[in-house]
Amino acid sequence: MKITVVGTGYVGLVTGTCFAETGNEVVCVDIDANKVKKLSAGQITIYEPGLEKLFERNLKEGRLSFTTSLEEGIKDAEVIFLALPTPPGADGSADLSFVLRVAEQLGTILTDYKVIVDKSTVPVGTADKVIAAVAKNCKTEFDVVSNPEFLREGVAVDDFMKPDRVVIGTNSERARKVMGDLYAPFVRQGNPIIYMDEKSAELTKYAANSFLATKISFMNEVAVLCEKLGADVDMVRKGMGSDDRIGKRFLFPGIGYGGSCFPKDVQALVKSSEDAEYDFKILNAVMDVNEKQKLFLLPKIKAYFNGDVKGKHFALWGLAFKPNTDDIREAPALYIIDALLAAGATVSVFDPEAMENVRQLLGDKITYADHQYTCLDNADALIIATEWSVFRTPDFNKISASLNNNVIFDGRNLFEVARMKELGYHYESVGRTPVLS
């Protein structure tokens, strides 16, 4: 099948590459000429484990190509995916300007039937708006389908190639047949394609992400309570997670969620609820808890230094909002850095993938180390903000030799409390009994 993907960001590039991997001919369109030039030359523009190999193979075999021309990109395509940004506006609503602008352009250049697919995360009613935008200038038949993505950064290729489910929102039998044929190779293991109306499909994505964000914030509140009551959140998590009705995933406490999806999607669902004159109390609480959780370690850090960190130097491991990605959007590490700098401290950082993105954001306000251990030199304490695997079993002798004090503030609960006590560290984490020096 011939497919067009409009937008080469995270979702667009993964979508286009994975569809090409199953034998489709895919053209990706982007208005950024420099990005298109890089991609056409074989230079991948995002970090996602497993993607680069597929990208290089399909580019080499001619199934994947890139262009800045929308008209050229959709020529002969049967399906057009809109994988465009929908950033939050000042009021929390999703900005649909990119999506609707392309929809209007499509209306002026379509010459035969196409299935236009909203792949971006969009609020309920967007399909109707896209239909209206295309129809304004269109003289041929088309269908608009809602097909939300459920990709987790760090494992997006597996999520796309072996999806738990595929959600397709359409009331058109013609579009349903096209989309069913397209996704058939991905569901051969028996995972379902779930057909529904467009509005239900749009709400499904927001509801799913908001529920997962709720689990995270709930567990972070349990962690706070554990510290006040002397319980161990790891034991509570295991006891809860063994219940099949609850499940083990998204129960790990920490310093809050970030990234491109959860913050934006929760905020957008709250705004949609307000527009419908409904007060979504749980999600307002979820957002409030998460904002506070990002700075959960700060009172602990200040207390250790008698309320004053001015002139202190901190090493920070982990900048990405989660491991196995270079995405720093809404990353808790950035909030911690800002707070420390505002209090007069200095910070050295290390992350396996995200440092260049932070450098573009913060410039020379902080120091960027070339190795996780050189990051520690002359630091008064180590802060852990992202649970990269490389941080899980460090050489504690090297840590002790580099730090001015054996002090670790762990926002991801990487180490066992008993072990840190044996090693002689002042160790504070989330929802567990601290090791105090």
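## Salt bridge between D112 and K114

D112 and K114 join their side chains in a salt bridge, with an N to O distance of 3.2 Å. The structure is a predicted model, and every value in this report is computed from it. The two partners can be described by their accessibility. D112 is partly exposed, with a relative accessibility of 37%, whereas K114 is buried, at 3% relative accessibility.

This pair belongs to a total of 23 salt bridges in the structure.

## A contact across the sequence

A further salt bridge links E149 with K205, and its closest N and O atoms are 2.9 Å apart. E149 lies in the loop between β6 (142–146) and α7 (156–161), while K205 belongs to helix α9 (residues 198–229), so the pair ties together parts that are 56 residues apart in sequence. Both E149 and K205 are buried; the criterion for that term is a relative accessible area under 20%.

K271, by contrast, is buried, at a relative accessible area of 14%. Through salt bridges that share partners, D91, K271 and D275 are joined into one network.

## Aromatic pairs

Across the whole structure, a search finds 19 aromatic pairs. One of them is formed by Y304 and F305, in an edge-to-face arrangement with 4.8 Å from centre to centre and 85 degrees between the planes. The angle qualifies because edge-to-face requires planes over 60 degrees apart. Y304 is partly exposed, with a relative accessible area of 25%, and F305 is buried, at 10% relative accessibility.

## Charges over aromatic rings

Two arginine contacts involve tyrosine rings. The charged end of R174 is placed over the ring of Y113, at 3.5 Å from the ring centre. R359 lies over the face of Y368, and its distance from the ring centre is 4.4 Å.

Notes
Residues are numbered from 1 along each chain as its sequence is written. This is a predicted model: local features need pLDDT of at least 70, side-chain atom pairs count only at pLDDT 80 or more; totals for chains, interfaces and linings use all residues. Side-chain values use heavy atoms; hydrogens and water are left out. A salt bridge is a side-chain nitrogen of Lys or Arg within 4 Å of a carboxyl oxygen of Asp or Glu. Buried means under 20% relative accessible area, exposed over 50%, partly exposed in between (1.4 Å probe, protein chains only). Helices (H or I, at least four residues) and strands (E, at least two) are DSSP runs, numbered from the N terminus. Rings of Phe, Tyr and Trp (its six-membered ring) pair if their centres lie within 6.5 Å; planes under 30 degrees apart count as stacked, over 60 as edge-to-face and the rest as tilted. A charge sits over a ring if NZ of Lys or CZ of Arg is within 6 Å of the ring centre and within 35 degrees of the ring normal.
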